[in-house]
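The following account leads the reader through a protein structure, one region at a time. Please keep the sequence and the three-dimensional view at hand.

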Amino acid sequence: MLISVDELTEAMLSDRPPVILDVRWQLGDSHGHEHYRDGHIPGAVYVDLDRELAAPPSPEDGRHPLPDIADLQAAARRWGIDDSSPVVVYDDIGNLASARAWWLLRWGGRHDVRMLDGGLGAWRAAGLRVSAGDTTPRAGSVTLDAGHLPVAEIDDVATTSAILVDARAAERYRGEVEPVDPRAGHIPGAISAPTAANLGPDGRFLPAEELRERFVALGIGDDDEVITYCGSGVNAAHAVAALQIAGRSAALYPGSWSQWSANPSRPAETG
């Protein structure tokens with residue numbers, strides 16, 4: 001799931017270099033492409049999360065619905081991915097955004113997809129150079145098919161006995177603030193597990209044992225069914241990754257709070 005800076009530089013010099021995807025995105029910051037152009041890992045291709053890793057937003061489906069598999073395949077080919085290509089994704093916020101690309105490609109059937117642990121910060125901290133401008137890759141030929149990772153729909157969430165993990169910041173979970181979605185609060189019964197707590201101060205994932213301890217403390221056992229959600233299914237993919245590192249599996253609820261809160265018939269809790 002993860003690759004270190006040293007492992008990535010070695011892979012880049014190998015006879016089977018990875019396709020590197022830069023997923024620079026943050027809620028409230030629409031300048032991801034500009035940040036990429038200012039400096040990125042050499043050879044990395046910019047990925048537009050809003051346009052390439054999601055279908056168009058709507059109140060019925062949320063802010064970042066899953067893309068149609070044909071659209072995701074077309075994007076992956078634009079990025080230069082073949083069926084045999086290893087893929088490495090990263091961002092500059094501890095993989096909180098690039099985990100969406102990791103999850104989608106795994107959902108689409110690609111298994112050799114890893115996140116650069118620590119992201120661009122780890123690359124810069126190692127003293128390695130960055131490139132400016134855009135990278136234009138050759139066209140790829142990858143074939144994707146959906147359904148290789150579990151997905152929960154809104155009606156599944158409403159009736160599930162699974163543990164619901166809310167990956168948003170705690171103040172949004174409690175309903176104290178809500179910067180983008182129609183209502184404040186959380187899905188009834190969900191537990192708060194902000195994704196930022198899966199990371200150390202250096203933006204790297206905590207060791208597997210520490211993540212296991214964190215999830216046990218939250219009441220998540222080895223055999224529990226888990227569904228993750230966030231605002232729009234982006235940080236929730238990071239929660240899936242952290243749970244997987246800890247040895248647990250989880251389904252992703254892509255519509256997340258943006259879909260749930262837009263439907264007045266769906267109950268909400270605060271506190």
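**A buried threonine, a sheet and an enclosed helix**

Thr195 counts as buried, its relative accessibility being 4%, and the cut-off for that class is under 20%. The model discussed here is predicted. When neighbours within four places in sequence are left aside, the residues in contact with Thr195 are Leu96, Ala167, Asn235, His238 and Ala239.

Strands of a sheet pair through backbone hydrogen bonds, in either a parallel or an antiparallel manner. Here five strands form an open sheet in the order S1-S5-S4-S2-S3, and the pairing is parallel.

How many of the ten residues of H5 are buried? Ten of the ten are, so the helix is largely enclosed by the rest of the structure. The buried residues of H5 include the tryptophans Trp102, Trp103 and Trp107, together with the arginines Arg100 and Arg106. Ser98, Ala99, Ala101, Leu104 and Leu105 are also among the buried residues of H5. In general, an α-helix has 3.6 residues a turn, so residues three or four places apart point the same way.

Backbone geometry deserves attention on both sides of this helix. Just after H5, Gly109 adopts a positive phi of about 105 degrees. In the loop between strand S4 (87-90) and helix H5 (98-107) lies Asn95, which has a positive phi of about 70 degrees although it is not a glycine. Asn95 is buried, with a relative accessible area of 0%.

A further non-glycine residue with positive phi is Ser256, at about 50 degrees. Ser256 is placed in helix H11 (residues 256-260). Is Ser256 buried or exposed? With a relative accessibility of 0%, Ser256 counts as buried.

Technical notes:
Residues are numbered from 1 along each chain as its sequence is written. This is a predicted model: local features need pLDDT of at least 70, side-chain atom pairs count only at pLDDT 80 or more; totals for chains, interfaces and linings use all residues. Side-chain values use heavy atoms; hydrogens and water are left out. Helices (H or I, at least four residues) and strands (E, at least two) are DSSP runs, numbered from the N terminus. Buried means under 20% relative accessible area, exposed over 50%, partly exposed in between (1.4 Å probe, protein chains only). Two strands pair if DSSP finds at least two bridges between them. Contact means heavy atoms within 4.5 Å.
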